[in-house]
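Subject: Structure for you to look at

Hello,

Please find the structure below, followed by notes on what came out of it.

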Amino acid sequence: MTELRQRMAREPDAPTEDKVMCVQIKCFHEIITIGYNVYHSYDLPWFRTLSWYFLLCVNYFFYGETVTDYFFTLVQREEPLRILSKYHRFISFTLYLTGFCMFVLSLVKKHYRLQFYMFGWTHVTLLIVVTQSHLVIHNLFEGMIWFIVPISCVICNDIMAYMFGFFFGRTPLIKLSPKKTWEGFIGGCFATVVFGLLLSYVMSGYRCFVCPVEYNNDTNSFTVDCEPSDLFRLQEYNIPGVIQSVIGWKTVRMYPFQIHSIALSTFASLIGPFGGFFASGFKRAFKIKDFANTIPGHGGIMDRFDCQYLMATFVNVYIASFIRGPNPSKLVQQFLTLRPDQQLHIFNMLKSHLTDKGMLTAATEDE
Amino acid sequence: MWELRHRGGCPGPGGAVAPPPREREAAGGDHETESTSDKETDIDDRYGDLDSRTDSDIPEIPPSSDRTPEILKKALSGLSSRWKNWWIRGILTLTMISLFFLIIYMGSFMLMLLVLGIQVKCFHEIITIGYRVYRSYDLPWFRTLSWYFLLCVNYFFYGETVADYFATFVQREEQLQFLIRYHRFISFALYLAGFCMFVLSLVKKHYRLQFYMFAWTHVTLLITVTQSHLVIQNLFEGMIWFLVPISSVICNDITAYLFGFFFGRTPLIKLSPKKTWEGFIGGFFSTVIFGFIAAYVLSKYQYFVCPVEYRSDVNSFVTECEPSELFQLQSYSLPPFLKALLRRETISLYPFQIHSIALSTFASLIGPFGGFFASGFKRAFKIKDFANTIPGHGGIMDRFDCQYLMATFVHVYITSFIRGPNPSKVLQQLLVLQPEQQLNIYKTLKTHLIEKGILQPTLKV
């Protein structure tokens, strides 16, 4: 395991993952600290230890799943890793159970309610913070562009909405955040979509952003080298009549990814702010001005990342639904672990499906 | 706000909760001054105190109405109240167990419905406790939102798990294909709609309360809905994986109670003063033996042992198969001390019985922690029972608290030690790939199967 960490530390992508981990840990710490302050429960027996323990467990579980998926060949070679990965769920569950039993044993007569509150608080925080950060890492493995474009769109929307609001703002948007205005919201939406289009155009040209991150067994490092997929190859699109007269071009050359980027930036400008309102409501509910004081002038890390909250999940769901299907090599691996009769059954079903679709004929069968 | 506090805590059989005198004064004052921001400070400070003061300040919820049927009351009228309670509990236990057997007989589909019904009732019970604790029954939108989130999460899980098993059925219908392909996106969009509604429903004076109820709903969903779906997945693996764990937990409950009743002396944990070490250890041994025997009896029948499949031709669930090696008798040589004891060289066992020892050990050692968790929860929120659905026993949650961890354990156990990935899911994912990818995989699989001798190479004519 140490060897793996050393290898990962040498590689270009490891710093990004480490940064994501650090942000996640800091966010967790900020929200938990608010919980302690709200409930005056800083000195509750065991509780600080248990919160960090649960954070460790959930991270172990998620990292294990990610490592197993992406580092499959490496994991198969190293004996201890293979066992850890085969029984991964069982080990994670056992670790979690230990924490659960420790919690039950630590219940103290006068503080039951407080302890249950902190238990609930920890779990909800883990749900928010840790799952988001692991979805971010999944997006990263898909290609750095899937990580950079959404995050920049949210940041751009933040800044643009603020500027538009500053110069043109008049109608308040929502009672929850009195400083937000409709002018800022709409202006930010348009500016973000345009920004997203431009940014994707620039980034789609470079392999290091566009290729999925892979672990190369021979060189024992991460590589971003591939034949760019159809999404990242320039194509001609016919411009609809309306815009033709405005711009004076008949067709335009774009990357298909830019169309997807419109969806991403629209989400960032329309729904992303709800994450911000949620955080504002939370701050008002618990009477705090900022989550913490880490960044001078801005507040805590959570203050900067509150709008990103929903974005990571959206990008992950978007990729899984519209971009790529399941991973073919992973499917083959799963297939090989099935029983022979199950394998035969699936093989026959696949065969009839392909025959129906006309992909398989007697001629190709004999190859 | 005055109305909210006045009416809070009254719905259902909970009985009225008398607000402490301090709050009544505040109520009178607030009624006069409507628009100052001080009001918000007062209310939130009150919640602040509610959060941080110790449990002893919180008013007890008075015992609720008695729901025992009239017939039982008449039959037991002669006995003292302790024995009456014992008899009511006993009769209800037998009734529940008989109902359970009946539903098992009726088949897997009825069992699935039963699990779903229990899940919804548990969710309802825990949410109602939340309303009572926070006196938030009349919070705008909140009841609708809780049920909406329950629906969303169920839709997501049912789509992920059950759809796999109905693969053949789903192939035929176009609309279902669409729903399956974009399932995650649709579920996420539904959840987001609920999230945005929550944000828009935040009302100035009730922020903290609304966030509490939001978190309460999510934690409840995490507990009840995920467990119930794991139970259903275990069920599809084979009814024996559903029956043996659940009966082990019930057996442990009953035998620990009996051992504690007759031999109990040393208290086990301060949280539940009625539990004793004698009950715990006695229950442990009886449950392991019970699990061993139940596994032996059930392993013989295909009905319990075979994975549940949906056959499209018959349009129903069938459990027919060649039983796997787990459920075929094998000879094990006994270790020497058992040899001397039983005077036999070998013993014929189902391999599943060895697994049942693991399952019943978990049920007796860790299962009770689920019970202690629920006891702690009830003490924290000063309730005697989760609800009054079952006379003599309390609510559905009271019966299912020990099952809480069992379902997850069985699921993790099955995926780690018994079977690999789910074949229908692998097929499902294969069919979603691009045609060229499918063709490539087809060729790879074909070579693999021919190598292994599973598939005979086609003869060229």
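The notes cover the interface, a surface patch, the salt bridges and one backbone angle.

This is a predicted model, in which local features need pLDDT of at least 70 and side-chain atom pairs count only at pLDDT 80 or more, while totals for chains, interfaces and linings use all residues. Residues are numbered from 1 along each chain as its sequence is written, chains are lettered from A and ligands numbered from 1 in the order in which they are written, and side-chain values use heavy atoms, with hydrogens and water left out.

Interface. Chain B puts 76 residues into the contact and chain A 73 (contact means heavy atoms within 4.5 Å). The two chains bury about 7,500 Å² between them, 79% of it on carbon and sulfur atoms; buried area is the accessible area (1.4 Å probe) that two parts lose on being put together, summed over both. Zero salt bridges are found across this interface (side-chain nitrogen of Lys or Arg within 4 Å of a carboxyl oxygen of Asp or Glu). On the side of chain B that touches chain A, α21(B) gives the most, with twelve residues. Helices here are DSSP runs (H or I, at least four residues), numbered from the N terminus.

Surface patch. Eleven residues of chain B, B:W83, B:W86, B:W87, B:I91, B:I250, B:I254, B:Y257, B:L258, B:F261, B:F262 and B:F263, form a nonpolar patch with about 1,000 Å² of accessible area together. Patch residues have over 30% relative accessible area and no salt bridge, and nonpolar side chains (Val, Leu, Ile, Met, Phe, Trp, Tyr) are joined within 5 Å; areas come from the Shrake-Rupley method with a 1.4 Å probe, and for residues only the protein chains shown count as cover. Helix α12(B) supplies the largest share, seven residues, and B:Y257 lies in that helix.

Salt bridges. Over all chains the count is four. In one of them, A:K26 meets A:E30 at 3.6 Å, N to O. Both residues lie in helix α2 (residues 14-39) of chain A, four residues apart, about one turn of the helix.

Backbone. B:K382 has a positive phi of about 55° although it is not a glycine. Most residues other than glycine have a negative phi. B:K382 sits in the loop between α17 and α18 (396-400) of chain B.

Regards

Methods:
Helices (H or I, at least four residues) and strands (E, at least two) are DSSP runs, numbered from the N terminus. Patches are made of residues with over 30% relative accessible area and no salt bridge: like charges are joined within 9 Å, nonpolar side chains (Val, Leu, Ile, Met, Phe, Trp, Tyr) within 5 Å.
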